[in-house]
Amino acid sequence: MVNLSLYTVRAMAILDSEGNRLVAKYYSRGPHAQNYKTVKEQRKFENELFSKTRKSSGEVILYDGHTVLFKYVNDVYFYLVGDPEENELLLSAVLSGLVEATSLLLNRHSVDKRNILDNLDMVVLALDEAVDDGIALETDPNVIASNVSKRGVDTIDVSLSSLNEQVLLDVYKQAKERFNRSMLK
């Protein structure tokens with residue numbers, strides 16, 4: 001029997017070309033217990049994963065009882081770790097959305113170690129927008145980038161200011177009509 005759960009992601013990590021951690025998030029909720037509770041265990045897992053995938057040409061492997069998807073972009077490895085019975089297409093969509101959203105957020109710069117570290121706040125927010133506590137929330141890179149970037153806030157402010165102008169115009173028209181009616185009486 002297949003265990004249906006919203007908790008699809010065990011961990012997400014971004015490593016540099018030498019296997020050093022840039023960003024990592026491990027999730028402990030869901031039907032399976034967290035395997036890597038300490039930072040030492042996490043780093044050991046990341047180093048072993050890096051040595052296993054750095055010369056691989058694929059994008060999906062089964063490693064240490066997990067389905068691991070990874071993408072190599074310039075000098076950075078993006079990893080997404082799920083359960084072995086998890087749907088690889090869903091995990092791939094989440095990982096692709098995160099990688100493309102990161103590229104959109106670093107719009108004038110390439111996705112590399114230096115730019116990720118310079119814009120670490122936006123990258124971590126993109127991770128949180130894509131996956132929350134192990135639950136895949138969003139796969140569309142444009143939505144992820146919009147929710148993270150200031151452009152999303154600016155469009156809300158513009159629509160609120162135009163709404164405020166419309167309300168003021170309506171109030172002015174109603175006051176003008178009432179004044180004209182009172183003058184005619």
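Buried means under 20% relative accessible area, exposed means over 50%, and partly exposed lies in between (1.4 Å probe, protein chains only). This is a predicted model: local features need pLDDT of at least 70, side-chain atom pairs count only at pLDDT 80 or more, and totals for chains, interfaces and linings use all residues. Residues are numbered from 1 along each chain as its sequence is written, and side-chain values use heavy atoms, with hydrogens and water left out.

**Stop 1: the main core**

Select Val9, Met12, Ile14, Phe78, Leu80, Ile116 and Val131. These have the most contacts inside the largest nonpolar core, which has 29 residues. Such a core is a set of buried Ala, Val, Leu, Ile, Met, Phe, Trp, Tyr and Cys residues joined through side-chain atoms within 4.5 Å. Now colour the elements that give two or more residues to this core: β1 (9-16), β2 (21-26), β4 (66-73), β5 (76-82), α2 (88-105), α4 (120-130) and α5. Helices (H or I, at least four residues) and strands (E, at least two) are DSSP runs, numbered from the N terminus. α2 gives the most to this core, with seven residues.

Apart from this core lies another, of 15 residues, including Leu15, Phe45, Phe50 and Tyr79.

**Stop 2: salt bridges**

A salt bridge is a side-chain nitrogen of Lys or Arg within 4 Å of a carboxyl oxygen of Asp or Glu. By this rule there are six.

Select arginine 10 and aspartate 83. They form a salt bridge, with the closest N and O atoms 3.0 Å apart. Arginine 10 sits in strand β1 and aspartate 83 in the loop between β5 and α2, so the pair ties together parts 73 residues apart in sequence. Arginine 10 is buried, at 6% relative accessibility. Aspartate 83 is buried too, at 5%.

Next, take aspartate 16 and lysine 113. Their side chains meet in a salt bridge (3.0 Å, N to O). Aspartate 16 lies in β1 and lysine 113 in helix α3 (residues 113-118), so this pair ties together parts 97 residues apart in sequence. Aspartate 16 is buried at 1%, while lysine 113 is partly exposed at 30%.

Then go to helix α1 (residues 39-53). Glutamate 48 and lysine 44 both lie there, four residues apart, about one turn of the helix. Their salt bridge has its closest N and O atoms 3.9 Å apart. Lysine 44 is exposed, at 54%.

**Stop 3: helix α5**

Select residues 141-148. The buried residues are Pro141, Ile144, Ala145 and Val148. Seen down the helix axis, they fall within an arc of 95°, so they line one face of α5. That arc is taken from the directions from the helix axis to the C-beta atoms.
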